[in-house]
Structure formats: C-alpha cells, structure tokens
Amino acid sequence: MSTAGVPKRTSLPLLKKESGEHATETLSADLAVFLSDPSLRSALADGSLDLASYSSTINSELATLERECIALHRQAAPDIRILREEMDVCDSILAGLQEMLLGFQADLSGLSGDIRQLQEQSQSLAVQVDNRRDAEEGLRLFLERIVVPPNLAECICRGEVDELFLECVKDLEEKYAYVQLTEGFISSSGIPPSQTAAGKEMIEHLSKLRLKAVERTRTYFLNVLKQLRRPKTHIRMIQTHALLKYEYLVDFLLVSSPTIHNEIRDVYVESMSKTLHTLFRTYHKQLLTLDMRLATRVDLIAVEEGALRDAFSTKVNMRKRGDAFVLGDRAKVLDGTSLPPINAHLASMNGEKYSYEMIFRSIISHLIDAATNEYIFARQFFKEYGQNDCWEAIFGKTLSLVLEQLENYLFNCHDAIAILLMIKLTHSFKRTVKARRIEKVMEPFLDRVANLFWPRLKMVMDAHLRSIRGANAKKVGGGDIHPHLVSRRYAEFTCSILLILNRGRKNATGGSAGDRLVNDLDVMLEEMVLLLKRLADVHATNIKRNVFMINNLDQITTIFKERRVSGKELNRFSELLVQQRELFVEEELLQTFSKMIAFVQQTEAHMSRISAPRSARGVAAPADVVNPEVVESLVHEFASNWKAGIEQINRNVLSYFSNFRNGMEILKQVLTQLLLYYTRFQDVIRKVWRGKPPSFCKDLVSTSVILAEIKKHALAI
C-alpha cells in the first residue's frame with residue numbers, strides 16, 4: 001500500500017484503547033491528543049489524510065513490534081529464570097531474617113520492661129539520695145546553729161577578752177538568736193528551732209553561757225575604764241585599741257543586758273568627765289605660769305607719770321613704756337594651723353612666756369580636738385545619735401570650767417589687744433567646728449565665749465577713753481616739746497586695733513560689735529586731739545605750742561605709716577600736721593624777720609584797699625604809699641642779717657624736732673616761705689617805684705643768692 005501523502009508515524013502519538021462506560025470520554029481525549037499534532041491537524045484540515053490507509057499502517061507496525069518483543073523475550077528467558085531462582089533464595093533468606101528479628105523483638109520487649117523498672121528504681125533512689133542530702137544539710141546547719149563547741153564555751157568562760165573572745169560572742173549570739181526563732185527559718189522537720197527538743201534543751205545552756213559572756217565583758221570594760229582615770233594616760237590610744245576594737249561587745253550588752261550597758265555607759269561618762277575636767281584644769285594652771293601679763297590696770301593710753309616710775313626712783317622706767325599697745329608678732333596667733341598648741345612642760349623648762357591669746361588659743365584648740373574625738377567616739381561606741389547622748393554629760397563640766405577660767409581671767413584683764421585677738425580666734429574656731437560638723441555641740445559654747453569678750457573689751461576701751469578725757473599736763477607730765485608718751489601709746493593702740501579688725505574682714509553688717517568698736521575709736525581720736533591741745537597750752541609761747549603739736553602729730557602719722565594703716569584716722573592727723581606746720585613756719589619767721597613780714601603784709605593790704613595815688617603824669621607817688629626811710633632800713637637790715645637769720649632758723653629747727661625727716665621738711669618749708677616773703681617785699685618796691693628805682697635798691701639781695709644759700713643748708717644737713 002502506498003503511503004504517499006501520509007504523515008510520518010514517528011510524530012503520531014499512540015492512542016490507548018479503553019472499554020467500558022468511559023469509552024466515549026476516552027475517545028474524545030484520544031482525538032484531542034491526535035489533533036494536538038500540528039501535522040495531523042493540518043492534514044485533516046486540507047483533506048489530504050487517508051484514515052483507512054493510516055489505520056492499516058498502524059496495525060502493521062503494531063504487529064511488527066509485537067513479533068520483535070516476543071523474540072526479545074525468548075532470548076532473555078534464561079536470564080529471567082536465573083533471576084527468578086535468585087529471588088526465591090533471597091525470599092527464603094529474608095524469611096529467616098524476619099523470624100530472627102521477630103525473636104529479637106520479643107526479647108527486646110522484655111528488656112524494655114526491665115529498663116523501665118530500673119529507671120523507676122533509679123528515680124526513686126535519686127529522690128531518696130536528695131532527701132537524705134537535704135536532711136543531712138539541714139541537720140548539719142541545725143546542729144551548727146544550736147550545738148556549742150567545747151572550744152567556744154572554754155573561750156567565753158576562761159579565755160582572754162581578745163579577738164577570739166569577740167568572735168566567740170558573735171557565734172554565741174547567732175546560736176541564741178537561732179534557738180529563739182519561732183517563725184522565719186524552719187528546720188528540715190518542719191518545726192521551728194524553739195519548738196525542737198534540742199532547742200528546748202540548748203536554750204538553757206546558751207542563756208547561762210550568755211550570762212557568763214555578759215559578766216566577763218562587764219569586767220573587761222570596767223578594768224579598761226579605770227585606766228582612763230590614771231594620770232598621764234593616753235586616752236585616744238585606749239579608746240582605739242581597747243574600746244572601739246570591741247564595740248560589738250557594747251552592742252551585745254545593749255541587747256543581752258541593758259542594765260549592764262547603762263552601767264558601762266555611766267562609768268565611761270563619769271570617768272571621761274572627770275579626766276577631761278582634770279586635764280584642762282591642770283593645763284590651764286600650767287599655762288597661767290607662762291602668761292606675760294602685758295597689761296595691768298594702770299596700762300592706759302593717758303597713764304599718770306607716777307605709774308611709770310620705779311618705787312625707789314624718780315626716773316621713768318623705760319620697760320614700762322612698751323607694752324601692751326604694740327601688736328608686733330602677736331597677730332601670728334591668727335595664722336590658722338601654722339602655730340601648734342603650747343607644750344606647757346617644754347615651755348616651762350625653756351623659760352618661755354606667752355601672751356594670753358596664745359594660751360587661749362592652745363586651750364580652745366585642745367578643747368575642740370577633744371570634743372571632736374568624743375563626738376565621733378560616743379556615736380560610734382554607744383550608737384547614740386539623739387539629743388540626749390552622752391557627749392553633753394562628758395563635756396558639761398569641762399566647758400563650764402573653761403568658761404569659769406576665762407571669766408576669772410577677764411575680770412582682771414586690761415589688754416584690749418588680747419581680747420580682740422581672742423574674739424577673732426573665736427570666730428575662727430566657729431569655722432573650724434562647722435568644718436568638722438560638730439557645730440551643734442560646740443557653737444553654743446563659742447557663742448558664750450564671745451559674749452564674755454565683748455563687754456570686757458567695751459570696759460577696757462571706756463577706761464582708755466576716760467584716761468584721755470581726764471588727762472592733763474599735771475597728771476601725764478608736760479613742759480617738754482618732744483613727742484609725748486601718750487601720743488605714741490595712742491598711735492600704737494589704734495593701729496593695733498585697726499590691724500586686727502581689718503584682718504580677714506569681709507563686708508560686715510551694720511550695727512555689729514566691730515562697728516561699735518570703730519565708733520569708740522572715732523570718739524577716742526577727737527579726745528586725743530583735745531588732749532594734745534591741752535598739753536600744748538602748757539607752753540608759754542606759740543612757737544613751742546606749735547612745735548609740741550607738730551612733734552606729736554608727726555609721731556602719730558609716722559607710726560600709722562610704719563604699721564601700714566590707712567583710713568580716716570591717718571587723714572585727720574595728717575591734716576592737723578599740715579596746719580601746725582604752716583603755723584610754725586609763720587611763727588619761726590617772725591622770730592627773725594618780723595619787721596619785713598609785717599611791712600609786706602600791711603603794705604599789700606593797704607595797696608589792695610586803695611587805688612595807687614598818681615601824679616599829674618599818672619606816676620605813683622611813693623611817699624603816699626610807703627615811708628621810703630622805713631623801706632631803706634628794711635633793705636639794709638635784711639642785707640646785713642639774712643644769713644644769720646637762716647642759720648638761726650636752721651639751729652632752731654634741728655633742736656625743735658626729734659624726727660630728722662620731719663625737721664628737714666619743716667626747714668625747707670620755712671626757708672621757702674622766707675624766700676616767698678622776700679620776693680613779695682621786692683615786688684612791693686617795684687610796684688611803688690615804677691618809674692625810677694631808689695638808690696637803696698642796689699642793696700637788695702638777689703633771690704638766686706638766697707636760693708643758693710638755702711640749697712647749701714639742705715645739702716649740709
């Protein structure tokens with residue numbers, strides 16, 4: 001059969017034959033597969049496909065394929081038989097293995113039961129072991145907390161009170177506290193320790209042992225506290241190494257026996273109170289032997305001259321002129337920690353003496369150190385932090401003693417500088433106690449100290465002021481033109497007070513005690529000026545009064561400048577000094593050149609009051625203004641006496657003024673004024689004789705000659 005026009009069979013998919021009720025559906029699916037081939041679909045579309053021919057071709061191909069398969073099967077038949085035999089052998093082997101595995105499975109099912117049983121037994125044993133361990137641990141802890149070891153009982157009953165004893169007491173307290181528990185920690189049996197048989201038995205033994213520890217602790221502390229009363233005892237060392245080291249024992253007494261604790265506290269308070277009272281009383285007594293006593297009742301600014309003389313002499317004792325008025329090195333007492341407290345024994349051995357402010361500083365420094373130590377110790381040792389702690393009881397007597405000693409000393413104290421320095425020290429100590437955080441206990445005491453100082457200082461200042469007001473030449477001595485002792489004392493005293501007040505002074509509030517002291521100084525200044533005038537009035541001549549005032553005012557201003565004290569006091573005395581110098585210059589020139597000075601002053605006044613007479617040609621007539629003969633005599637007199645007059649002025653100035661620098665200034669001022677007067681004298685002559693100078697003008701001394709002579713004297717001095 002021809003196959004032309006028939007598509008290749010390789011591209012034709014095979015159609016499956018199905019039977020049954022789904023044949024129609026299967027045929028439709030096969031047709032869909034058949035039509036999915038593009039070549040077949042195109043052949044059907046154009047009508048070129050012969051289905052009968054195509055079907056026969058397919059059938060022949062199927063037959064051919066069938067024959068080929070049968071031939072291939074025949075060729076492989078021996079191999080297939082051998083494979084079948086091997087499969088039978090394997091099947092028998094697998095059946096044996098199955099029987100063996102079933103046997104193993106039966107055996108393993110028995111073992112798994114045993115394993116489960118062993119696991120259950122192991123878990124039970126683990127629980128039992130854990131329970132026994134917990135019971136053992138609980139019993140061990142219970143026994144450790146309740147049983148008293150022999151060495152602990154031996155140490156508490158017979159051992160020394162030391163670190164081991166302290167540890168034993170701590171262990172005892174822990175055991176006693178554990179036995180007392182009724183709730184909280186529960187033993188392993190579920191019973192509180194206080195309800196167990198062992199707890200009930202041991203509580204009696206622990207209580208007895210506890211009482212023994214209380215007894216031994218009491219004995220130890222009483223023996224230690226006895227040492228505090230012994231002389232020359234190092235209190236701080238005992239507190240550190242014998243008391244604070246065993247502060248737990250105090251807490252133990254507070255819990256176990258409050259009565260014994262109060263006894264120990266009372267004994268300590270009493271012992272320390274007596275010890276501190278004795279120490280500060282003895283220390284103050286020793287320091288009083290070192291007191292200089294710089295000022296007495298008669299050491300006033302305007303002191304009577306008789307008080308400065310020795311009992312068997314009419315001369316003034318110069319040692320009594322020095323004094324309690326000079327500050328000197330006494331201000332070093334305010335230099336913070338640079339000065340250590342006085343060692344009374346060494347100072348006594350070396351024969352040293354101190355002003356009372358140094359003694360006061362040493363006492364208060366030691367007092368604050370002791371107060372700080374006790375304030376910290378009492379709170380650490382007795383655990384007292386309230387208002388009624390033992391510090392007040394310890395220091396009450398000592399503070400009262402210090403106040404009493406200070407009040408007794410101030411009753412006879414006339415040293416205003418010492419009092420003011422102690423006031424400054426008190427303010428410094430207030431800052432110290434505040435820095436140490438003990439101001440609650442020490443600041444009221446320091447306020448009471450300050451309240452003792454200010455009234456006494458006011459009394460001393462009033463005494464000085466009364467001495468100045470009541471002073472006169474008869475009481476303090478007069479008649480001498482040189483600087484008086486009163487002015488030196490006043491200047492030194494005022495400088496000392498101002499230096500102390502200004503030391504470290506900040507903006508003070510108005511109306512303070514320091515401001516009232518400054519007001520007293522202002523009153524004293526005016527009274528001092530009046531006193532100098534009263535003493536100057538003793539002198540018969542004006543020039544001596546001027547010299548006396550200049551010498552004293554110069555002495556006061558010089559001391560102020562040497563002490564580097566400035567202010568209204570220095571300004572006031574400087575102004576007075578300038579005024580007195582001007583008066584002295586006029587008085588001194590009048591001693592030698594009075595006629596010329598009087599002529600110049602009168603003529604200048606006359607010429608200023610009237611217009612100058614003029615002649616018909618407008619020229620002044622000399623005879624109408626001055627007397628030519630008088631002028632001529634003044635010219636000749638000055639020409640012949642001016643050098644001698646300058647010499648006399650030089651001698652007078654050198655003899656009047658003890659301060660060389662002051663004398664030099666005054667001499668220059670006098671000679672300068674002389675030159676000025678003579679220049680004015682020449683100006684009067686030139687104004688009167690404007691046209692033709694008179695013949696006596698040739699005798700006028702040139703001002704350059706006078707100036708050269710003045711310089712010569714200045715260089716010679």
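Colleague: Leaving aside its neighbours within four places in sequence, with which residues is Gln405 in contact?
Modeller: The model is predicted, so local features require pLDDT of at least 70 and side-chain atom pairs pLDDT 80 or more, whereas totals for chains, interfaces and linings use all residues. Residues are numbered from 1 along each chain as its sequence is written, and side-chain values use heavy atoms, with hydrogens and water left out. Gln405 is found in helix 12 (residues 390-411), where helices are DSSP runs of H or I with at least four residues and strands are runs of E with at least two, numbered from the N terminus. With contact meaning heavy atoms within 4.5 Å, and its neighbours within four places in sequence left aside, the partners of Gln405 are Phe280, Arg281 and His284.

Colleague: Is Gln405 buried or exposed?
Modeller: Buried denotes under 20% relative accessible area, exposed over 50%, and partly exposed the range in between, with a 1.4 Å probe and protein chains only. Gln405 has a relative accessible area of 11%, so the residue is classed as buried.

Colleague: What distance separates the C-alpha atoms of Leu420 and Leu457?
Modeller: Leu420 lies in helix 13 (residues 416-435) and is buried, at 1% relative accessible area. Neighbours within four places aside, Leu420 is in contact with several residues, including Ile497, Leu517 and Leu457. Leu420 and Leu457 are 37 residues apart along the chain, and the separation of their C-alpha atoms is 7.3 Å.

Colleague: At what angle do helix 21 and helix 22 pack?
Modeller: Axes are lines fitted to C-alpha atoms, for helices over the stretch in contact, and angles run from 0 to 180 degrees between N-to-C directions. Helix 21 and helix 22 are roughly antiparallel, since angles over 145 degrees count as such, those under 35 as roughly parallel, 65 to 115 as roughly perpendicular and the rest as oblique. Among the contacting residues are Phe638 of helix 21 and Tyr678 of helix 22. The axes of helix 21 (residues 628-656) and helix 22 (residues 660-688) are 11 Å apart, and the angle is about 175 degrees.

Colleague: What percentage of the 717 residues in the protein is buried?
Modeller: The protein has 23 helices and 0 strands. Of the contacts with a separation of 6 or more, 78% join residues 24 or more positions apart. The buried share of the 717 residues is 39%.
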